[in-house]
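Thank you all for coming. I would like to take a few minutes to walk through one structure, beginning with a pair of helices, then turning to a sheet, and ending with the chain as a whole.

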Amino acid sequence: MMGEPFLLQIILTVLPSLMKRHSIGTKISKSQIYEAFNEQWIDIHVKNIVHKLSELRIQSIPKKIKFAFQQYCQDLGFEMFMQGNQVATEHDYKEYEKDKIWSKLDPIIEAETKSEYERLKIKENISNTTVTKKQDIWDQYFNGDSIAKYVLRKVGDNKYQFVHKSCQEYYAAQKIMLDILSWKPNIIVDINNQQFQQQFETYVQKLSINCKLLNEELGIIQFIAERIHDNNLIFVNLKSRLFRIIESSKNNENVSIAAANAITILNSANINMSYQNWSNVKIPYAILDHAFLEGTNFSNANLDNVSLYQTCLTKVHFTNTSMNNVYFGEYIYLEGHSDEVIGIQFSPDRTKVASYSNDKTIRIWDTASSNQLCVLKEHSDKIDEIQFSHDGSKIMSCSRDKTIRIWDVLSGQQIQILKGHSSTITAAQFSLDCSKIVSSSLDKTIRIWDVSSGEQVKLLEGHSNSVNTVQFSPDYSKIVSCSEDKSIRIWDALSGTQLQLLEGHSDDVVGVHFTPNGLNIISYSDDKTIRIWDVVSGKQIQLLEGHMDDINGIQFSPDGSKILSYSDDYTIRLWDLLSGKQLQMLEGHIDSVIIARFSSNGSKIVSGSDDNTVRLWDVSSGKQIQELEGHSNKITGVEFFSNERKILSCSADSTIRVWDIALEKKIQLTGGELGMIMDVKFSPDGSKIASCSADKTIRLWDVQSGRQIQVFEGHSQIVCGAIFSSDGSKIISYSDDNMIRIWDILSGKQIQLLKGHSGVIYNIEFLPDNSKLVSCSKDETIRIWDISSGRQIQLLEGHSDEVNEIAISPDESKIVSCSDDKTVRVWDVSSGDQILLLKKHTGVVNSASFSPDGTKVVSCSSDKTIRIWDISSGNQIKLLKGHKADVLDAQFFPDGAKIVSCSKDNTIRIWNILTGDDIQILEGHSDWIFGIQLSPDGSKIFSCSDDKTIRIWDVSSEREIQLLEGHNGAINDICISPDGSKLVSCSNDKTIRLWGSDNGKIVNVTERNSVNYIWKAGNQRGLSMISSVWKDTKGLTSLQKLLVKQRGGIF
């Protein structure tokens, strides 16, 4: 029975009863499944007992027997939690006759004929009970022929346990919850909140939640957390009472365990705990990982030993707070580089780290202290690779300045420069005794150098195109190289003569490595394959196929039996070296995997990606263990520390980070993990919000409560966007899986699949009467679809590259499209014919749209220009110049007299159409501005940016009037509600925020108004401390204080 996962077994067991209780499409929690299972399980035993009692002509009340079972299970489950033991032991008892067994049940049942309040009333705090022997604890549960024999399973001589540990956790959770919820105030009528709280506080110390920390019992935490979101009226006060327990710790240190447990449970339930007045609370050992605590006041609080891993602490007050042994899960940045950090490398003895960057410097750091030891700066262009010498005394670097430089690690001085290559040097490696260096270059050559003299001693020619890498064999007798000429060559290291030419790849060979024993060579190529070759014969002996896109690198496992490969297809793959079989595929990244490394014992893999995350994987299961978020740009390097308790990562965000991965257990947040949110839209009536995500789902949210109403699942890749039908009954979504799907909102079911595009879909729009849909794609086409049949009606071909955007004319007769082919095209809707080809742009066209009267089109491009076109003639009317970088969006004002644009130059510009002048420049964003929206009357501009902010601008005064902060990642989209009252935003931080103004309508907001978020959906990702206050905080180490300062905290 236990061979399969227990949860799956009980789901199958209780499926019929679940279907009766819950309508199709309803999300069912784990707690509800266990509730159904345990009720069904107890009912079976109750029926058996009732039947046997009736045979003995003993009258019984099934409800009382059932209650006795439940009470017993709750008490025993909680006792096991208290004792930290899943097995209860029974004393040896004398055999009883069968009739006595059944007759003894009634007194137990009769003892339960009390009022509901009295039944649930908690015993005196367990901590006040003196226990002399552990065995005595179990005696009360084995009173002769007790219920134990029916609810427990025997696992040894006189040893019993629940059918599964999770059942014990469920019952312990039930006892804790019912204990909290059963309390009632002495005075019920006309009691105010303060009186209620005062009475409740006198009771908290006696609660079972105050007996022991739940930190090691994450299953119990999850069961309670799920009930906070349960619609059953029994649990309606659970959330508020947990908040009251935290509040009660302000005045009573003896309830600190209860308070810590309460806030841990609320956090697990993903409850928003921002802007709370929790000064003086006492919550030592609370788990606040991924908690959202923005603006909360913890002044004078006790936060000793609290875990704040990946927590939002923005604007939090920690004045005079006790924070001894607080855990952040991260260490201080290694700060110093001023541009993208390309890579990191430990010295052979692991005491130092070297990093290299596009700022043309190499920096050496002390591993223990994170202090920078020296800066190596002589290169005049970007550095592509570095390597420590085998004894760690030197570093060799190669650069796009066509030189190799050798540095003394201790002094930081350059001791040699090797010149001779006529183009960028792609790779270099020391020989065994460090007397020689071999290098490769885009100049198609390989060169061997004498380190002491700096002279070139060998020139290896033969490749007909750029040489991508070069490497010595393990015994240093041979050299292997690979090239864009699709070949691999093996050379004699002493003479420089070519020994073998290995051919077979059908595209550029990107990398090549000798196997640890030197007998084979492994290569990987842009043809998406890995090949294994025999060194002696030069023959291919294995072909490893599976990757769907370019392979970025490979690495051998420490024992040499496996290799890992990582790719632009978002995956890491593990291969058996001997057989060539794929052992594991590690999936989770949502963009190219740039780097991956084995741990020293080969049990784990760490990876870094273009999705800005570092991920930790278990090799044996292929499962992701941790996701480390915080970098604001792609990850370029990852390494394990020698003790494997920490990870080092570097990024294009110019930082190097140190992560603690020692924490094994992670609190499980209810509500599931939202992926990166790509798009948000209001329903036509403004009552709902649709979001689409990198987690391949579309989710529907209730605007008023923030509650998730529906999840639409079916896409197999990132969902890029979604729109509502005009009547709000359907959602249409489009995805990287090349599909458009139509969903029924009420049932959550997919009702239509529009299949035809062969590339990622970038945009969809409704045509007149909402019966047809237009889409554009990476496949260079535009397609018109009939929604009811799902049939493609028109195929609009003409673009020679990706079609980025489409828009419908105001009279709905035309479509305008723009493309990476640098053109704008106008199409007739009815015929599908191309009417106009507008080509003046010299770069990718990012956006195109019609003027309000439909007579003009505005387009913007990566050529830094905006162009206005006349629809009737196809002529360019105006060329708008001024932006200093790619223009990402441009729109007409509602009156058609002005245009607003945003750019990668971090500015918004307003242009006069008649003169072509930029009449206003709005500055304030510190990074790319991805989107702009105008208020209906054109008086306000709403902008969102990679700088993690939303800004509201007043057009007439040319000023920023509101700054909306809170997101912890780049903001991907914003949308204003149909009535103009609210704004919704979504971000790479995997959250959605709904914003509102104190004046009732966000579109009418002024400088004097206040704009705040109403609710947030999603889980906090990444440690954030911006504008947090740490005055006179006690217990932080000097390195923790430095970490706080780096993250924007104020002392």
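Before I come to the helices, let me say what I mean by an axis: it is a line fitted to C-alpha atoms, for helices over the stretch in contact, and the angles run from 0 to 180 degrees between N-to-C directions. Please also keep in mind throughout that this is a predicted model.

With that in hand, look at helix H10, residues 193–204, and helix H12, residues 238–248, whose axes come within 10 Å and cross at roughly 75°. Since angles of 65 to 115 degrees count as roughly perpendicular, H10 and H12 are therefore roughly perpendicular to each other. On the H10 side, the residues in contact are Asn193, Phe196, Gln197, Phe200, Glu201 and Val204, and they meet Arg241, Arg244, Ile245, Glu247 and Ser248 in H12.

Helix H11, residues 218–228, contains Glu226. Is Glu226 buried or exposed? Its relative accessibility is 12%, and because buried means under 20%, Glu226 counts as buried. The C-alpha atoms of Glu226 and Ile263 are separated by 14 Å, the two residues being 37 apart along the chain.

Now let us move to the sheet. Here we have an open sheet of 4 strands, in the order S59-S60-S61-S62, with antiparallel pairing. The edges are formed by strand S59 (929–934) and strand S62 (959–964), and because each has a single partner strand, one side of each is left without a neighbour in the sheet. On average, neighbouring strands of this sheet are turned by 25° against each other, with direction ignored. Within the sheet, strand S60, residues 940–945, pairs with strand S61, residues 950–954, in the antiparallel sense over 5 bridges, and Cys944 has Ile950 in S61 as its bridge partner.

Finally, the chain as a whole. Its secondary structure comes to 14 helices and 66 strands, and its C-alpha atoms fill a box of roughly 100 × 75 × 60 Å along the principal axes.

Technical notes
Residues numbered from 1 in each chain as written. Predicted model: local features only at pLDDT ≥ 70, side-chain atom pairs only at ≥ 80, totals over all residues. Heavy atoms only, no water. Pairing = 2+ DSSP bridges. Helix = DSSP H or I, 4+ residues; strand = E, 2+ residues; numbered from the N terminus. Parallel < 35°, antiparallel > 145°, perpendicular 65-115°, else oblique. Contact = heavy atoms within 4.5 Å. Buried < 20%, exposed > 50% of the residue type's maximum accessible area, 1.4 Å probe, protein only.
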